[in-house]
Amino acid sequence: MTQFKIVFFLIFPFLLFSQNEKIPAEKLKQDLTTFREIREKANSGVYKYRTKKQIDSIYNWAFSQLKNPREVMDFYKIILKITDFEGSVHNTTTLPDAYKNRYASEKVFFPLPVKLIENKMIVNFKNDEIPLGSQIYSINGTAINKIVRSFYKYYTTDGYNISGKVIGINAVFARYYEMEYGPKETFLVEYSLPNQTEKRSKIINSISNDERKERFKNRHSFPSDSLFYSKIKEKYSFKIFSKNTALLTVHTFAIGDNAEDKEHIAYKKYLDSCFQMLSLHPEIKNLIVDVRNNGGGSDPNDLVTFSYLTQKTYRENKSAYINFQKIPFLPYFVYEETETEKKLEEKNDFEAELKEEYPILKGKIYPQNAKFNRVLQPDKNTFKGQVYLLISPRVASAGSLFASLVAGKTNAIVIGEETMGGYYGHNGHTPIEYELPNTKIKTQFSIVNLEQDVPKKSSQIFGRGVIPDYKISQTFDDFMQNRDAQMEYTLKLIERK
């Protein structure tokens with residue numbers, strides 16, 4: 001969720017160390033110390049889900065791994081474990097640019113798109129080697145469950161959420177495998193054929209990165225999960241399903257940058273027309289709101305959408321704060337601008353915005369000025385029937401804030417799977433980025449610690465996403481037939497009611 005967003009880049013003409021060169025332990029310790037100091041000072045979410053003792057413990061572990069020289073990739077994995085442990089979907093850690101195109105043409109990647117279905121790794125591509133729908137048990141002697149757990153650090157989620165990590169694993173399994181286990185020419189795969197239990201083994205050859213991308217585009221599950229991984233063309237839609245049911249689908253809240261943006265204004269007008277029509281047709285008693293592909297976006301799209309679903313006043317959050325007004329550790333701060341004068345202007349503008357919204361130091365934090373978190377009113381055409389909210393592990397940031405409001409502050413029936421974005425809160429709004437001096441690894445995080453304006457519920461555990469009232473996941477048969485099990489369940493539930 002972005003209120004005002006600045007993305008920073010700093011171009012270095014060369015790397016201090018080549019990809020396979022081992023960096024002295026002291027240099028790595030310097031980077032790890034700098035990394036921790038930056039996060040302690042600038043990241044308000046370091047202790048959102050972890051105690052100081054827990055954070056101290058993981059850093060003690062990290063420093064214990066740096067007794068000898070190590071390659072950048074090894075150090076990168078250590079940093080990933082720390083950022084994942086913090087628990088924020090907005091935490092991002094990236095390798096130096098020179099690493100991004102490594103193995104661009106070599107055949108080093110696992111050749112088959114896969115998908116986790118009912119906690120089983122299933123082949124997601126029609127091919128002549130290991131048939132579509134086969135279950136994979138191990139690769140090169142390592143059990144698939146161990147492989148999957150080793151991938152968790154590559155895809156961050158809010159709090160203690162695990163379900164959202166599946167989104168990353170399903171999308172780029174082959175890239176994660178290469179990063180975790182190194183490039184391979186062949187893979188020994190233990191598997192069983194669809195609906196069988198007899199285990200078989202086969203050696204399959206690796207493919208190039210271009211082939212990997214092409215195969216993913218042609219995966220079997222594309223018809224049912226394409227929006228999870230594709231650029232969204234139709235951001236929102238509305239249709240009448242039957243004489244008593246309508247469907248509002250919002251695939252993203254990246255609909256203009258702010259309330260004055262023409263794209264947001266057009267969205268608001270679209271919502272007005274849809275809900276005005278619903279208000280004139282009281283026979284439409286059911287509204288399905290589908291946000292299963294919504295990974296977030298910008299204010300006020302999430303809040304405006306919610307205004308049509310509630311009969312009560314609401315706010316975006318109960319509280320919000322940051323740790324600083326002046327950007328700390330400027331030598332490692334990554335700017336968008338390259339000219340010295342422009343950098344200074346960018347810095348001053350950014351800090352001025354922070355001081356306006358978070359003006360006064362109270363203790364060790366800068367709380368949000370109340371004028372930026374006003375009480376909001378329901379729209380005059382708010383829907384008064386039964387809302388059915390469809391959610392998935394893809395839902396994050398502004399998407400999960402919206403889902404939290406609907407789940408917590410309306411009588412909506414929530415169907416699907418736990419969101420990767422937190423129910424009670426998250427760190428969001430304003431991302432900043434730093435670059436570590438020796439390894440040139442970049443670390444990005446959002447600086448605003450938010451407690452969302454939602455009630456406590458017995459079904460909602462702190463540190464977890466929005467938990468559905470009815471957990472409906474794709475079964476193996478659903479996968480093979482590309483069936484939308486959650487939508488089918490919702491329609492049957494409406495029919496029964």
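**Cavities, cores and local geometry of the predicted model**

The largest cavity has a volume of about 100 Å³. It belongs to a predicted model, in which local features need pLDDT of at least 70 and side-chain atom pairs count only at pLDDT 80 or more, whereas totals for chains, interfaces and linings use all residues. Residues are numbered from 1 along each chain as its sequence is written, and side-chain values use heavy atoms, with hydrogens and water left out. On a 1 Å grid over the protein atoms alone, a cavity is a set of points where a 1.4 Å probe fits but cannot get out, and lining residues have an atom within 4 Å of a point. Grid points are joined across faces, edges and corners, and the volume is the space filled by probe spheres set on the points. By this rule there are three cavities of 30 Å³ or more.

The largest cavity is lined by 14 residues, of which Leu112, Pro113, Ala171, Ala174 and Arg212 are the closest to its centre. Two or more lining residues are given by each of α6 (165-181) and α7 (209-217), and the largest share, five residues, comes from α6. Helices (H or I, at least four residues) and strands (E, at least two) are DSSP runs, numbered from the N terminus. The lining divides into eleven nonpolar residues, one polar and two charged. In this division Ala, Val, Leu, Ile, Met, Phe, Trp, Tyr, Cys and Pro count as nonpolar, Asp, Glu, Lys and Arg as charged, and the others, Gly among them, as polar.

The mean pLDDT (the predictor's confidence in each residue, from 0 to 100) of the protein is 94, and 96% of its residues reach 70 or more. Over residues 2-17 pLDDT stays under 50, and for this segment the model has 46 contacts (heavy atoms within 4.5 Å) beyond four places in sequence.

A nonpolar core is a set of buried Ala, Val, Leu, Ile, Met, Phe, Trp, Tyr and Cys residues joined through side-chain atoms within 4.5 Å. Buried means under 20% relative accessible area, exposed over 50%, and partly exposed in between (1.4 Å probe, protein chains only). The largest core has 51 residues, and Leu32, Phe110, Met121, Ile136, Ile139 and Phe173 have the most contacts inside it. Helix α3 (residues 72-86) supplies the largest share of this core, eight residues. Beyond four places in sequence, isoleucine 139 is in contact with Phe110, Ile144, Ile147, Phe173, Tyr177, Phe187 and Leu188. A second, separate core of 40 residues includes Cys274, Leu303, Tyr314 and Leu405.

Leucine 390 lies in strand β13 (residues 386-391) and is buried, at 0% relative accessibility. Not counting residues up to four places away in sequence, leucine 390 touches Ile288, Val289, Asp290, Val291, Arg292, Ile415, Gln486, Met487 and Thr490. Its C-alpha atom is separated by 9.8 Å from that of isoleucine 472, 82 residues apart along the chain. Leucine 95, in the loop between β1 (92-94) and α4 (97-100), also counts as buried at 10% relative accessibility. Leucine 95 and threonine 245, 150 residues apart in sequence, are 48 Å apart in space, C-alpha to C-alpha.

Lysine 347, in helix α11 (residues 340-357), is buried with a relative accessible area of 16%. Its contacts beyond four places in sequence are with Ile327, Leu330 and Tyr335. Glutamate 180 is found in helix α6 and, under the corresponding sequence limit of four places, touches Lys77, Ser150, Phe151, Lys153 and Tyr154. The C-alpha atoms of glutamate 180 and glutamine 311 are separated by 50 Å, at 131 residues apart along the chain.

Most residues other than glycine have a negative phi, and most peptide bonds are trans. Glutamate 118 has a positive phi of about 50 degrees; it lies in the loop between β2 (114-117) and β3 (120-123) and is partly exposed, with a relative accessible area of 46%. Asparagine 140 has a positive phi near 50 degrees, lies in the loop between β4 (135-139) and β5 (142-143), and counts as partly exposed at 31% relative accessibility. A cis peptide bond, with omega about 0 degrees, joins aspartate 299 and proline 300. Proline 300 is in the loop between β10 (286-290) and α10 (301-306).

How values were computed:
1 Å grid on protein atoms, 1.4 Å probe; cavity = no way out; pocket = protein on both sides within 12 Å on 5 of 7 lines; lining within 4 Å.
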